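Here is my note on this model. Please read it with the structure open.

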Amino acid sequence: MCGIAGISSGNQAELVKRMIAAIAHRGPNGSGLHQGPRHTLGHVRLSIIDPDGGAQPMSGPNGRSHIVFSGEIYNHIDLRRQLKGARFRTKSDTEVILHLCERDAVGHVHKLDGMFAYAIIKDGGLILARDPLGIKPLYLGRRDDATVFASEIKAVLAVSDEVTEFPPGHVYAAETGIRPYYELAPGDADIADA
């Protein structure tokens, strides 16, 4: 199941530890914290793909990007093959997302087939994304001037007085704000009695 949490302002390790403690039941196989100059990420892990190599937060090949991820990318093996020249250290679908993001910070989300919610720090900027159907949860809050995010409402409320749902099929980057990348086509329900 996994759980993610984070705050987009400086050293917030103690607050993010409080957030991931609130969702510890989502990740019985491990937890981790990444503290950067402008963001702090937390993760609790249920090991499914690459139990030995997929620990999070995970850093990209050059140390410029970091990710916390909940979900599964069904086409990660095909995407791995398409990433010519990329050097992988794990067999994890998480690392595939990082390599895609290195090549296209926001547009990479169009290539993902799966259920997911994740946060990436790339070159100091925050990127958030959620799968088209909203299978994996993601919630937002504010603390002073910082964005707070987590897999569950109670983790956000552990450090913020407000909470909203991050919309399914959307991606956020500082340059673009929250934007849809996927919309379900409207259709008529055709229900017949059998």
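1. Is Cys 101 buried or exposed? Cys 101 is buried, since its relative accessibility is 0% and the cut-off for buried is under 20%. Please keep in mind that the model is predicted.

2. Next, the cysteines. How many disulfides are there? The count is 0. Cys 2 takes part in no disulfide, and the nearest cysteine sulfur, in Cys 101, is 19 Å away. Seen from Cys 101, the closest cysteine sulfur is that of Cys 2, and 19 Å is too far for a bond. A disulfide would need the two sulfur atoms within 2.5 Å. Cys 2 is buried as well, at a relative accessible area of 8%.

3. Now helix α3, which spans residues 93-103. How many of its 11 residues are buried? The number is 10, so the helix is mostly covered. Among the buried residues are Asp 93, Glu 95, His 99 and Glu 102, along with Val 96, Ile 97, Leu 98 and Leu 100. Thr 94 and Cys 101 are also on that list. The cover over these buried residues includes β4, β5, β6 and β7, and also α2 (76-82).

4. How is α3 placed on the strands? The helix lies across β4, β5, β6 and β7 (125-130). Its direction makes an angle of about 125° with β5.

5. The sheet under discussion is open and has 6 strands. In which order do they run? The order is β4-β5-β6-β7-β11-β12, with antiparallel pairing. Its edge strands are β4 (58-59) and β12 (177-180), and each of these pairs on one side only. Inside the sheet, β5 and β6 run antiparallel and are joined by 9 bridges. Val 68 has Ala 119 as its bridge partner in β6.

6. The aromatic pairs deserve a look. The structure holds 2 of them. In one, the ring centres of Phe 69 and Tyr 118 are 6.4 Å apart and the planes meet at 55°, so this pair is tilted. Distant parts of the chain are linked here: Phe 69 sits in β5 (residues 65-73) and Tyr 118 in β6, 49 residues apart. The other pair is Phe 116 with Tyr 118, also tilted, at 5.6 Å between centres and 35° between planes.

7. Tyr 118 is buried at 0%. Phe 116 is buried too, likewise with a value of 0%.

8. A charge also sits over a ring. Arg 80 lies over the face of Phe 88, 4.2 Å from the ring centre.

9. Turn to the hairpin of β8 and β9. Strand β8 (residues 139-143) pairs with β9 (residues 146-150) in the antiparallel sense, over 5 bridges. There are 2 residues between the strands, and Asp 144 takes a positive phi near 55°.

10. What does Leu 140 face in β9? Leu 140 stands opposite Phe 149. Leu 140 also has a bridge partner in β10, namely Thr 164. Strand β10 (residues 164-165) runs antiparallel to β8, and 2 bridges join them.

11. Two loop residues follow. Glu 152 is in the loop between β9 and α4 (153-157). Glu 152 is buried, because its relative accessible area is 14% and the limit is under 20%. Which residues does Glu 152 touch, leaving aside neighbours within four places in sequence? The contacts are Ile 23, His 25, Arg 26 and Tyr 139.

12. His 110 makes the contrast. His 110 lies in the loop between α3 and β6 (114-122). His 110 is exposed, because its relative accessible area is 54% and exposed means over 50%.

Methods: Residues are numbered from 1 along each chain as its sequence is written. This is a predicted model: local features need pLDDT of at least 70, side-chain atom pairs count only at pLDDT 80 or more; totals for chains, interfaces and linings use all residues. Side-chain values use heavy atoms; hydrogens and water are left out. Helices (H or I, at least four residues) and strands (E, at least two) are DSSP runs, numbered from the N terminus. Buried means under 20% relative accessible area, exposed over 50%, partly exposed in between (1.4 Å probe, protein chains only). Two strands pair if DSSP finds at least two bridges between them. Rings of Phe, Tyr and Trp (its six-membered ring) pair if their centres lie within 6.5 Å; planes under 30 degrees apart count as stacked, over 60 as edge-to-face and the rest as tilted. A charge sits over a ring if NZ of Lys or CZ of Arg is within 6 Å of the ring centre and within 35 degrees of the ring normal. Contact means heavy atoms within 4.5 Å. Axes are lines fitted to C-alpha atoms, for helices over the stretch in contact, and angles run from 0 to 180 degrees between N-to-C directions.
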